[in-house]
Amino acid sequence: RVGLLIDLDGTIYSPLGLLPGATSLYERLVGARIPFVFLSNTGAKARSGVAAKLSAAPFLLPGPPVDPALHIWTAADAQVAWMVDRLPPHALVFVISGASQPFWHAMLLKAAPQLVATWTVRTSLSEAEAKGWATRATCRGAEHAVTVALFLDGNLASSVDPTTGEAGYTDWSFDMIKKASYLLMHGATFVYTADDAFNPSVDPEFPAMVWPLPGPGMFAAMMRRVMYPRGIERAFCVGKGGAAGCQFMMGTALAMLRAQGHSGERQNVLMIGDRYDTDVRAGVQAGVRTCLVESGCHLAAEQRHFPADTPDYFAASILDITRLLPRPP
C-alpha cells in the first residue's frame with residue numbers, strides 16, 4: 001500500500017491557484033483512503049494556516065476539509081519541535097519573523113509551556129542587548145544558550161516582541177543583519193526553516209513570466225557566511241532537504257503516514273515535489289522513493305545540476321501521478 005508525501009507550492013498550487021490535477025488527486029486520495037501528508041517548507045505559517053489556505057478560493061480543495069492534524073506538516077511546525085527538543089532552559093532566542101502575529105510563540109508555549117516560559121524571546125534588540133547576548137554566546141558548555149531563529153518565507157513583518165511588546169523589524173535592514181551577525185559570529189546557534197532560495201510570484205501585466213521573491217534559503221546563506229568556518233556546525237535547517245529536517249520534517253511525516261494505517265515501509269512511500277534541492281533531497285535522505293513534477297521550479301533537464309538529488313521518477317504534473325493511483329472501491 002502506497003503512502004504519499006506531497007509538496008504544495010509548485011506541486012499542488014501556484015501563486016494563482018490550484019494546478020491542473022490537484023483536485024482530482026485530492027479526490028482520489030480521499031476516495032481510495034490513500035495515506036498522505038502535505039509537506040510544506042513554509043516558515044511563515046503552521047499547519048493550521050495551510051489548512052485555512054486550502055479551504056478558500058483560489059486554493060480550495062473540494063470535498064472534506066483537509067485535517068491538519070492528520071495530513072499537514074510544515075517547516076514552521078518542525079522548527080518548533082526542534083527548538084523545544086534542543087534549546088535549554090533560560091535560552092536567549094532572537095526570532096526574525098515573517099508574520100505580524102507571533103504564531104510561532106503560541107506554538108512554542110503550547111508545545112513546552114514550562115520550558116519556553118524560562119526563555120527570553122525577542123524580535124528586536126538594542127545595540128547593547130545584542131552585544132550582551134553575543135558575550136553570553138561565547139561561554140563554553142552552554143550549547144544553544146543563544147539562538148537566532150528564522151520563521152519566514154523571505155519577507156519580514158513587524159512581529160510583536162513577546163518580551164517588550166514593541167514592534168519587531170519590518171525589513172532586512174542593515175541594523176537587523178548586523179545584530180544577528182554579532183550573535184552568530186560569537187557562538188550563537190542558527191536554526192531556519194528551509195533552503196528554498198526563492199519563492200515564485202506572478203504579475204498579471206507580465207503573464208508569461210515568473211518573478212523570484214527572495215526566499216529563506218537566500219537569507220540563511222548570508223547568515224551562514226558569517227558563521228564560516230568556525231561555527232558552521234551550529235547551523236540547522238529543519239525543513240525538507242535540511243539535515244535536521246530528516247528527523248523533524250520527514251520523520252514526523254512518516255509517523256503521520258503510519259497513524260493513517262500505512263506500514264511505514266519506506267519503499268512504499270513516494271515523495272512528490274517540484275524541487276531537487278528540497279523535495280527530492282528530503283526523499284533521498286529519508287530513504288523513500290521520489291518523483292519530480294515539472295509544474296513548478298525545476299525541470300528534468302536540470303538534473304545534472306543536482307547530481308546527488310536523483311529522483312526515481314519524473315512527471316509533467318500531479319495529474320500524471322493520479323492516473324496511477326488505486327481507484328476507490
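Strand β6 (residues 92-97) is paired with β7 in the parallel sense over three bridges, where strands are DSSP E runs of at least two residues and helices are H or I runs of at least four residues, both numbered from the N terminus, and two strands pair if DSSP finds at least two bridges between them. Within this pair, V93 stands opposite V121 in β7. The model is a predicted one, in which local features need pLDDT of at least 70 and side-chain atom pairs count only at pLDDT 80 or more, while totals for chains, interfaces and linings use all residues. Residues are numbered from 1 along each chain as its sequence is written, and side-chain values use heavy atoms, with hydrogens and water left out.

Five strands form an open sheet in the order β7-β6-β8-β9-β12, with parallel pairing. Its edges are β7 (120-122) and β12 (235-237), each of which pairs on one side only. Neighbouring strands of this sheet are turned by 20° against each other on average, direction ignored, with axes being lines fitted to C-alpha atoms, for helices over the stretch in contact, and angles running from 0 to 180 degrees between N-to-C directions.

Helix α7 (residues 127-137) lies across β6, β7 and β8 (146-151) and runs at about 125° to β6. Helix α9 (residues 216-227) packs on the sheet, touching β6, β9 (189-192) and β12, and its direction makes about 165° with that of β9.

L213 is placed in strand β11 (residues 211-214). Leaving aside neighbours within four places in sequence, L213 is in contact (heavy atoms within 4.5 Å) with A197, F198, N199 and S201.
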